[in-house]
Amino acid sequence: MYKVGAYLRLSNEDGGDKAQSDSIENQKSMIKAFVSKQGGFEIIDFFVDDGYSGLSFERPGFQRMLLDIARGKVNCVITKDFSRLGRDRLQTGMYIEKFFPVNRVRYIAILDNYDSLTGSNEDLAPFKGLLNEMYAKDISKKVKSTFDTKRSKGEFIGAFAPYGYMKSPDDHNKLIIDPTASDVVRRIFTMFIGGKSKLAIAKILNAEGVSCPTVYKWEQGFKYHNSKKLESTVYWTYSTVSRILENKTYLGSMVQRKEESIFKGEGKKITHSKEKWIEVIGMHEPIITQNEYAIVQEINSTNTRSMSKTQNVSIYAGKLQCGDCGRFMSKTFGVDKDKTTWYKCGTYKGLGKIMCTSHAIKEKELEAILIQSIRVEAERALSLQDIDQLMQGLEEKNKPINSKELDKLEQRMLNFAKYKRRAYE
């Protein structure tokens, strides 16, 4: 008896009549009918990704299915066709040809008459994968072209209006002022012009209990996710205030295409330089004046300090997080004569004990913990023979390489490069 994971997917790239034929209910009915006719199958669960592109495999339903495969709950995956599994030719091929066989999972694509157990239509799979990818990328180009046309007309195409505005009920491509949020935006500009720092403004708004933009959208009933903010960060921060002060939307201008997916729905985005932004002036009512915006940018330009990204970079940068709030720990130096290096919670350091508790760790203590952890893991993973081999390898590595050996290695690298090119072709 095969334990079946029925995988169902539908995305915005499946337009028109195809969306109807590929509907989640249609896929579910087809898989149920197939299983009932065949015998020897038991559907364990339906893994659904409704509204997710086939070009990305970072889909919640798909990831949950992979977890159940790893746990041994699922040993057969059935989809309506190859395109439901994915439209990225290489990654889809990797799952069909490597991941499923390695994990002893039978894969069936009903409409493509493919069954990994019998090898039926095995030769067709790569070509179907190529066609699915070409289809998705062609649709992506057309959608992006349509979006650029709308942007050039000054039409708003975002899913959520910028903080301070809301979508017009008569025309969702037009912004109108949100009375509550726009007052907060005006206050932020007024306080900054009046001499308050960005961090001080964040502290004032937090102390008053003013909802930050993310929380404000949740309060309005929107299912909003800010990729630039941790889920646990539900308060005003320096960066939130900074982004508002630099946003030209509050002048009445529509500025779009700051970043864009490489292919529509794929998830991976590229950030465009200012020259590629699409800006249309006077598309909605401004919240602040041109003069206010100019003063703020002038203050920004005089207060900005450039920080070296090559000097004094910690090995823990981007890796050490606060156990309470989830924000990264900030590197600081003590006032003692040795200038001891500490790591402190970034939230506490910036916003105080209202937002997080006071806790810190010395760099030397952290280093000792890390080294001890490495030793424990090494003892678990390595035998005495392994350690001897590593030591021998280290001795060999430290030996000077003569010119003849170097020439041989370089020739081997060239041969490998040629082999890779031929293999790819």
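Q: Across which strands does helix 3 (residues 60–70) lie, and at what angle to strand 2 does it run?
A: Helix 3 lies across strand 1 (2–10), strand 2 and strand 3, and runs at about 150° to strand 2. Axes are lines fitted to C-alpha atoms, for helices over the stretch in contact, and angles run from 0 to 180 degrees between N-to-C directions. Contact means heavy atoms within 4.5 Å. Helices (H or I, at least four residues) and strands (E, at least two) are DSSP runs numbered from the N terminus.

Q: What is the basis of these values?
A: This is a predicted model, in which local features need pLDDT of at least 70 and side-chain atom pairs count only at pLDDT 80 or more, while totals for chains, interfaces and linings use all residues. Residues are numbered from 1 along each chain as its sequence is written, and side-chain values use heavy atoms, leaving out hydrogens and water.

Q: Why do strand 2 (41–50) and strand 5 count as edges of their sheet?
A: The open sheet of 5 strands has the order 2-1-3-4-5, with mixed pairing. Strand 2 and strand 5 each have a single partner strand, so one side of each is left without a neighbour in the sheet. Two strands pair if DSSP finds at least two bridges between them.

Q: How many bridges join strand 3 (residues 76–79) to strand 4?
A: There are 4 bridges, against a requirement of at least two, and the two strands run parallel. Thr 79 stands opposite Ala 109 in strand 4.

Q: What makes the crossing of helix 8 (residues 198–207) and helix 10 (residues 238–246) roughly perpendicular?
A: Their axes come within 8 Å and cross at roughly 110°. Angles of 65 to 115 degrees count as roughly perpendicular (under 35 roughly parallel, over 145 roughly antiparallel, the rest oblique), and the two helices are therefore roughly perpendicular to each other. Residues making the contact include Lys 198 and Leu 199 of helix 8, and Tyr 238 and Glu 246 of helix 10.

Q: Why is Arg 104 called exposed?
A: Exposed means over 50% relative accessible area, buried under 20%, and partly exposed in between (1.4 Å probe, protein chains only). Arg 104 has 74% relative accessibility and therefore counts as exposed. Arg 104 lies in the loop between helix 5 (89–102) and strand 4 (106–109).
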